[in-house]
Amino acid sequence: IVTDAKGDPLGTRRGGRVSGFGPPDLHSASHVTTSGSSSTIIAIVDAFGYDNAEADLQVYRNNYALPVCTTENGCFKKLNQKGKQKDYPPQNIGWAQESALDLDMASAMCPNCQVWLFEANTNSFKNLAAAVDKAASMGAHVISNSYSGGDSNGAVQFEPSYNHPGIAITASSGDAGYGTGTPAAMPHVIAVGGTHLVKDSSTRGWTETAWRGAGSGCSKHYDKPSWQTDTGCKTRVEADVSAVADPAPGVAVYGPNSSGNSQWLRFGGTSVSAPLIAIGRA
């Protein structure tokens, strides 16, 4: 979350204007010219609860004149780890902010798609992996995982949960610079790194360079897939593809602040890029 020197979130400018990249910017930079299909299901996997998810999402979508996406019209679903629309885990502000970011980025890139938020019981790999499996079994076309843990041997056992042929599964490469993470390093996952994006006068209208904070490197535990032919790593290389992630200037998000009150926020990190790339694969 982008803050000022006092640590207060920077979500609006003078006059109350929302700051950070919004859907028009993201579509322009990515050359996305369609709004997607209502038959496409985007699954967002995060941990813990987000009490105000549906209401906050509507504020974001209304601000950018995106189609209404609610439980009532079938566009939005909030589900627990078992795929039920009840008995949600308790709210965690940090993870609720993560969920707000993911829901808004999915909406920005594919406003006509269905958006399903799966709330894992906790942020353990066991529970997150279970939520991914459930999303796949319920018909998700893409599954976005905007979290990154250590590339540890203990996480290898959960790799099968991130291997669902025919479903695009993305994961953030991390925000600590060089070094790999899980689940991004898994061989069947699209590992998403980050870029720095700036408007300019070129034909594209944008300049994009690598963001130094994005995770990258050689996996400690996974063999090199046959489709990776570089000679820099003997093991699986991270990342596979990148999108905007630099918090300068960041993207606009509507979600809870540290006190749990909803407001406009500005986000950066590969938690931005993972859902953006996921929607690009929808």
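Me: Is Asp51 buried or exposed?

Reply: This is a predicted model, in which local features need pLDDT of at least 70, side-chain atom pairs count only at pLDDT 80 or more, and totals for chains, interfaces and linings use all residues. Residues are numbered from 1 along each chain as its sequence is written, and side-chain values use heavy atoms, with hydrogens and water left out. Buried means under 20% relative accessible area, exposed means over 50%, and partly exposed lies in between (1.4 Å probe, protein chains only). The relative accessible area of Asp51 is 56%, so Asp51 is exposed.

Me: Which residues does Asp51 touch, not counting those up to four places away in sequence?

Reply: Asp51 sits in the loop between strand 1 (41-47) and helix 2 (53-63). Helices (H or I, at least four residues) and strands (E, at least two) are DSSP runs, numbered from the N terminus. Contact means heavy atoms within 4.5 Å. With residues up to four places away in sequence left out, Asp51 touches Lys78 and Gln91.

Me: How far apart in space are Asp51 and Gly193, C-alpha to C-alpha?

Reply: In sequence, 142 residues separate Asp51 from Gly193. In space, the C-alpha to C-alpha distance between Asp51 and Gly193 is 29 Å.

Me: What radius of gyration does the protein have?

Reply: The secondary structure comes to five helices and 14 strands. For 282 residues the globule rule gives 19 Å, and the protein comes close to that, so it is as compact as a globular protein of that length. The radius is taken over C-alpha atoms, and the rule is 2.2 Å times the number of residues to the power 0.38. The radius of gyration of the protein is 18 Å.

Me: What share of the 282 residues counts as buried?

Reply: The C-alpha trace spans about 55 × 50 × 40 Å along the principal axes of the protein. Among contacts between residues at least 6 apart in sequence, 72% join residues at least 24 apart. Of the 282 residues, the share that counts as buried is 54%.

Me: Why does the span of helix 3 (residues 93-109) agree with its length, and how far apart are its end C-alpha atoms?

Reply: The expected span is 1.5 Å times one less than the number of residues. For the 17 residues of helix 3 this should give 24 Å, which agrees because the end C-alpha atoms are apart by 24 Å.

Me: How many of the 17 residues of helix 3 are buried?

Reply: At the start of helix 3, a side-chain oxygen of Asn92 comes to within 3.1 Å of the backbone nitrogen of Gly94. Helix 3 is mostly covered, and the buried residues among its 17 number 15.

Me: Which residue of strand 14 is the bridge partner of Val253?

Reply: Strand 13 (residues 251-256) and strand 14 (residues 262-267) pair in the antiparallel sense over six bridges. Two strands pair if DSSP finds at least two bridges between them. Strand 13 is mostly covered, with six of its six residues buried. Pro256 has Ser262 as its bridge partner, and the partner of Val253 is Leu265.

Me: Which residue takes a positive phi in the hairpin of strand 13 and strand 14?

Reply: The hairpin has five residues between the strands. The residue with a positive phi, near 90°, is Gly260.

Me: Is Phe48 buried or exposed?

Reply: Most residues other than glycine have a negative phi, and most peptide bonds are trans. Phe48, in the loop between strand 1 and helix 2, has a positive phi of about 65° although it is not a glycine. His31, in the loop between helix 1 and strand 1, also has a positive phi, near 60°, and counts as exposed at 55% relative accessibility. The relative accessible area of Phe48 is 17%, so Phe48 is buried.

Me: What is the omega of the peptide bond from Ala248 to Pro249?

Reply: The peptide bond from Thr182 to Pro183 is cis, with omega near 10°, and Pro183 lies in the loop between strand 7 (181-182) and strand 8 (190-199). Pro249 is found in the loop between strand 12 (241-244) and strand 13. The peptide bond from Ala248 to Pro249 is cis, with omega near 5°.

Conventions
Polar contact = N/O pair within 3.5 Å; in protein donor to acceptor, adjacent residues only side chain to side chain.
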